Amino acid sequence: MTGSVVGFDPDELVGFRIGVTAHRRSADLIAALERRGAEVLHAPTLRIVPADQDERLIVATAEVIAARPDILLVTTAYGLRGWLEAADAAGLGPSLLEVLSEAKILVRGPKARGAVRAGGLRDAGMSDEETTESLIDQVLANGADGLTVAIQLHGFVDEEQLVRLRQAGATVITVAPYLWTAPSEPQRVQRLLDAIAGRSLDAVTFTSAPAAEALLAAARERDRFDQVVAAMRADVVPFVVGPVTAAPLHAVGIDAIYPDRYRLGAMVRTLCEYLIEHHVRRVPTRHGLLEIRGRSAALDGQRVTLSPTSVAALRLLADAAGAVVPKARLQEVLPDSGDDHALEVAIARLRQALPQRDLVATVIKRGYRLDV
């Protein structure tokens, strides 16, 4: 995995349950999370379909060859490789390479640069921020009036950026070597939405803006939008590979976390560091060390899986470190902010799930505390 960290703790994500929305390279991401002990719920929100058999790609390739563009913008290594392979299969490979060798090629990132050079071409520069917008900024900074600009799309058409080029006087040709389409197993998306809305996930990952948009669209279609957004603003932390992927989430008020380097491996490292720092609690008690990780709790090394309500209540008690937590405060984490009876039932279930029932002590008429 590009950007991955060689050393890692194989138990650092034990107890955490993480949603994965990726289609392409999902195996890499899932393996990285599971090697660290996480439980993964995989639900591709979109499916990538290579367009090598799509007549539209062949037509677009012929258009590029005929237009002999002044500039080529390469957005993804995967897309460029697929385009060149499809052109070869259609007998257009030599002509396409000859035309592109005469164009000024700008790339969105180092992986795209690597694909350009592997194809026998040379690039003239790379975007500052590894975004399509940054690529367009470079073109416009040098003037685009009268130029023909070909853009290799990456499954998502950013119309705003194309409009910027056209308004600057450029002729724009787009090539889509692969397309996004509906997932082949929509029931998995439903399970993911249920898990997010029910807050039984600790995190959810996104590797493309279309995947994030598709999740939000699916939530709207299934009348779960408000619940999903509320959960991702609070308990289910979204992690993305970069700001472009984060944009659809930010647009609805969800703060996604991404690494300094926009790479899959760097996202995994950031996820690990964040969850360990913010979602692991350790409290010494009379019954041994209590460790809360995601949906699990371990007491003196004996780990159990808890319900979202039980985890929320136990976290409040752990944060108090033995002090009394008032009933009213604990009731806030119950579904629909339950009454005293609902709280008593929730505490009874928590005690039943824990390795030692006496860990949670009752303080008559006041609330509950950990037996530290």
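Biologist: What is the average pLDDT here?

Modeller: This is a predicted model, and the chain averages a pLDDT of 90. 95% of the residues score at least 70.

Biologist: And where is the pLDDT below 50?

Modeller: Over residues 1-7. That stretch still has 19 contacts in the model beyond near neighbours in sequence.

Biologist: OK. How many helices and strands does the chain have?

Modeller: There are 15 helices and 18 strands. The C-alpha atoms fill a box of roughly 85 × 40 × 35 Å along the principal axes.

Biologist: How much of the chain counts as buried?

Modeller: 50% of the 372 residues. The accessible surface comes to about 16800 Å², and 47% of that belongs to carbon and sulfur atoms.

Biologist: What about charges, how far apart are the mean positions of the positive and negative ones?

Modeller: They sit 6 Å apart, with 42 positive and 47 negative charges in the chain.

Biologist: Let's go inside. Which residues have the most contacts inside the largest nonpolar core?

Modeller: I196, F206, M232 and L249, in a core of 28 residues. The elements giving two or more residues to this core are α8 (186-197), β10 (203-206), α9 (209-221), α10 (225-233) and α11 (243-250).

Biologist: Which one gives the most?

Modeller: That's α8, with six residues.

Biologist: And what does L249 touch, leaving out residues up to four places away in sequence?

Modeller: F206, A212, L216, M232, P238, V240, I254 and A256. Apart from that core lies another, of 25 residues, with V283, A297, A313 and L354 among them.

Biologist: Switching topic: which helix is Q161 in?

Modeller: Q161 is in helix α7, which covers residues 159-167.

Biologist: It's a glutamine, so is Q161 buried or exposed?

Modeller: Buried, because its relative accessible area is 4%, and the cut-off for buried is under 20%.

Biologist: What is Q161 in contact with, aside from its neighbours within four places?

Modeller: T132, E133 and I136.

Biologist: And how far is Q161 from T45?

Modeller: They're 25 Å apart in space, C-alpha to C-alpha, and 116 residues apart in sequence.

Biologist: Last one, back to the whole chain. What share of contacts join residues at least 24 apart?

Modeller: 63%, counting contacts between residues at least 6 apart in sequence.

Conventions
Residues numbered from 1 in each chain as written. Predicted model: local features only at pLDDT ≥ 70, side-chain atom pairs only at ≥ 80, totals over all residues. Heavy atoms only, no water. Helix = DSSP H or I, 4+ residues; strand = E, 2+ residues; numbered from the N terminus. Buried < 20%, exposed > 50% of the residue type's maximum accessible area, 1.4 Å probe, protein only. Contact = heavy atoms within 4.5 Å. Areas by Shrake-Rupley, 256 points an atom, 1.4 Å probe, with all protein chains shown as cover. Lys, Arg positive; Asp, Glu negative; His and termini not counted. Charge placed at Lys NZ, Arg CZ, Asp CG, Glu CD. Core = buried A, V, L, I, M, F, W, Y, C linked by side-chain atoms within 4.5 Å. pLDDT = per-residue confidence, 0-100.
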